[in-house]
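The tour below goes from one selection to the next.

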Amino acid sequence: MRENWKSVGVIVVALLIGSASAASADVIDGNWCSGDGRHFSITGPTIVTTQGVKTQGKYSRHAFSYTIPAPDPSAGAEVFMILLNEVTVRLRVGTDPATPTEIWKRCDVTS
């Protein structure tokens, strides 16, 4: 009987751990990589840009925006991101809807 309770405990713990990691993946926080080798990192309202500069932005669970800081050549431009799914972000530089968007993927995808 005691072994059955241990098995149930192990299963409950595994389910809790699995659901916690799934829930944390449903946020824009994390490390993001482009197809051409660039990367940035978001933690709450803080971003470390592709140039390695730490700055603040407007954060929500599924979106992030910020003004590109110097010394980036595009300094002053606004960047808008939206989380499409657990592993994909769509990014646009500037407010012109005709500007092409970029697709970024999580750098550290685990299964």
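Start at the link of C33 and C107, which is right-handed, with 115° about the S-S bond. The sulfur atoms of C33 and C107 are 1.8 Å apart and form a disulfide, a term used here for a pair of cysteine sulfur atoms within 2.5 Å. By this rule there is one disulfide. The pair connects distant parts of the chain: C33 lies in strand β1 (residues 30-33) and C107 in the segment after β9, 74 residues apart. Strands are DSSP runs (E, at least two residues), numbered from the N terminus.

Before moving on, note what is being viewed. This is a predicted model, in which local features need pLDDT of at least 70 and side-chain atom pairs count only at pLDDT 80 or more, while totals for chains, interfaces and linings use all residues. Residues are numbered from 1 along each chain as its sequence is written, and side-chain values use heavy atoms, with hydrogens and water left out.

Now colour the two cysteines by accessibility. C33 has a relative accessible area of 27% and is partly exposed; C107, at 36%, also counts as partly exposed. The classes are buried (under 20% relative accessible area), exposed (over 50%) and partly exposed in between, with a 1.4 Å probe and protein chains only.

Next, show the strands. Nine of them form an open sheet in the order β4-β3-β2-β1-β9-β8-β7-β6-β5, with antiparallel pairing; two strands pair if DSSP finds at least two bridges between them. Select β4 (54-56) and β5 (58-60): these are the edges, each with a single partner strand, so one side of each has no neighbour in the sheet. From one strand to the next, the twist averages 25°, taken between lines fitted to C-alpha atoms, with angles from 0 to 180 degrees between N-to-C directions.

Within the sheet, select β7 (residues 78-85) and β8 (residues 88-93), which run antiparallel and are joined by six bridges. M81 has L91 in β8 as its bridge partner.

Finish with the aromatic side chains. How many aromatic pairs does the structure hold? There are two, counting rings of Phe, Tyr and Trp (its six-membered ring) with centres within 6.5 Å; planes under 30 degrees apart are stacked, over 60 edge-to-face and the rest tilted.

- Select F40 and W104: the ring centres are 4.8 Å apart and the planes at 55°, so the pair is tilted. F40 is in strand β2 (residues 39-43) and W104 in strand β9 (residues 102-106), 64 residues apart. Both F40 and W104 are buried.
- Select F64 and Y66: the centres are 6.1 Å apart and the planes at 50°, so this pair is tilted. F64 and Y66 are both buried.

Technical notes. Helix = DSSP H or I, 4+ residues; strand = E, 2+ residues; numbered from the N terminus.
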